[in-house]
Amino acid sequence: MSFGSLFADDYLDRSAERFEASYTSLKAPPKHWSPSQLKTLSRCERAYWFDYRLDVPRTGSRATEIGSRVHAVLEAHLKGEIDLSDPNCAYVQDSLAGHEHSADVSTARIIEIARAGLKHLPAPKVPGDELHIEADFSGQLSVDGTPVRCFADIFNARDTERPEIDDHKTASSTRYLLDGDALSRDLQVVTYAAAVLELYAEAGLPVPESVKVRHIVYLTKSPGSPEPAYAVLTPEQILDVYTGTIEPLVRRSRVVLDAEHPRDVTPSWGACGDYGGCPHRERCEALRRLANPEPTDNGDADMSIKDKLRAKLAER
């Protein structure tokens with residue numbers, strides 16, 4: 001296929017027809033909610049609908065696969081299965097089951113990326129202590145009967161009066177990293193913190209004065225780990241974000257998932273390029289073409305990328 005034909009009218013028409021056929025068979029909405037779901041919803045409701053209603057295989061990116069492998073190494077270290085501080089650390093092969101050949105990065109490189117953040121990690125778990133790796137908070141919270149499903153990378157309750165939540169983040173650069181202020185409103189860590197408060201209440205423990213949350217970042221292109229961003233959240237702050245943002249988003253998600261076709265869900269065109277680009281962009285372009293088959297004279301500011309490229313090709 002030539003570059004020109006990719007943006008030809010007949011190609012876009014065929015894409016629209018092909019995509020339209022996929023909307024006749026939808027999967028059931030999830031019976032739980034998660035912070036990652038809500039983050040997608042808050043960026044773009046249509047992308048959220050595509051992710052959780054469209055019954056087509058989802059493919060992970062290379063960056064996602066690298067992140068999964070780094071997480072697996074860190075989990076093994078914190079559980080005491082390997083010692084990242086040992087320069088001759090030989091990684092336990094079973095810990096990378098399912099990840100070893102899914103990205104073109106050697107295990108040695110994965111260990112190098114993970115080791116960069118070693119200085120920020122708590123000491124590995126020992127029998128009987130309160131360091132919880134991949135802490136399962138599923139069902140700890142619910143909104144209108146819909147339970148949460150989430151796992152915190154590290155829940156450190158060694159000091160029960162000052163619990164901490166650590167979240168591993170892999171990134172190619174520091175461009176999208178959150179600072180402490182943004183972290184205090186982050187849907188993921190606030191959900192974890194709310195789950196900690198609920199856990200304490202269920203156990204009959206005094207409510208902690210605060211929950212410390214951190215993002216521990218592992219750079220993948222040039223291994224390194226900047227000083228973690230952190231926020232110390234009071235119960236009042238946690239409750240404010242949970243009731244003011246998280247609960248309304250969960251309720252909104254139910255409304256969005258009730259839609260039977262993506263055209264009934266409003267897109268956020270400004271989010272198309274976020275985090276390397278939305279995987280559903282071509283579907284949205286096809287829907288936009290079906291809704292507006294004739295070009296409109298609104299100037300370059302309102303033209304999509306494909307419209308602009310088509311216009312350039314037409315000038316040749």
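Let me start inside the protein: α5 gives the most to the lining of the largest cavity, three residues in total. A cavity here is a set of points on a 1 Å grid over the protein atoms alone, where a 1.4 Å probe fits but cannot get out. Lining residues have an atom within 4 Å of a point. Helices are DSSP runs of H or I with at least four residues, strands are runs of E with at least two, and both are numbered from the N terminus.

Quick provenance. This is a predicted model, where local features need pLDDT of at least 70, side-chain atom pairs count only at pLDDT 80 or more, and totals for chains, interfaces and linings use all residues. Residues are numbered from 1 along each chain as its sequence is written, and side-chain values use heavy atoms, with hydrogens and water left out.

Back to the cavity. How many cavities of 30 Å³ or more does a search of the whole structure find? One. The largest cavity has a volume of about 30 Å³, where volume is the space filled by probe spheres set on the points, joined across faces, edges and corners. The lining is H71, E75, L78, I133, E134, D153 and H168. By class, that is two nonpolar, two polar and three charged. Nonpolar means Ala, Val, Leu, Ile, Met, Phe, Trp, Tyr, Cys and Pro; charged means Asp, Glu, Lys and Arg; the others, Gly among them, are polar.

Now helix packing, still on α5. Its axis and that of α6 (residues 107–115) come within 9 Å and cross at roughly 70°. Axes are lines fitted to C-alpha atoms over the stretch in contact, and angles run from 0 to 180 degrees between N-to-C directions. The two helices are therefore roughly perpendicular, a label for 65 to 115 degrees. On contact, meaning heavy atoms within 4.5 Å, I66, R69, V70, V73 and L74 of α5 meet T107, I110, I111, I113 and A114 of α6. That contact has eight nonpolar, one polar and one charged residues.

Next pair: α8 (residues 187–203) and α9 (residues 235–257). Their axes come within 9 Å and cross at roughly 120°. From α8 come L187, V190, T191, A193, A194 and L197; from α9, P235, I238, V241, Y242, T245, I246 and L249. The class count is eleven nonpolar, two polar and no charged residues.

Last, α9 again, with α3 (residues 35–43). Those axes come within 10 Å and cross at roughly 75°. That makes α3 roughly perpendicular to α9. L38, L41 and S42 in α3 meet I246, L249, V250, R252, S253 and V256 in α9. Here we have six nonpolar, two polar and one charged residues.

Definitions and conventions:
1 Å grid on protein atoms, 1.4 Å probe; cavity = no way out; pocket = protein on both sides within 12 Å on 5 of 7 lines; lining within 4 Å. Parallel < 35°, antiparallel > 145°, perpendicular 65-115°, else oblique.
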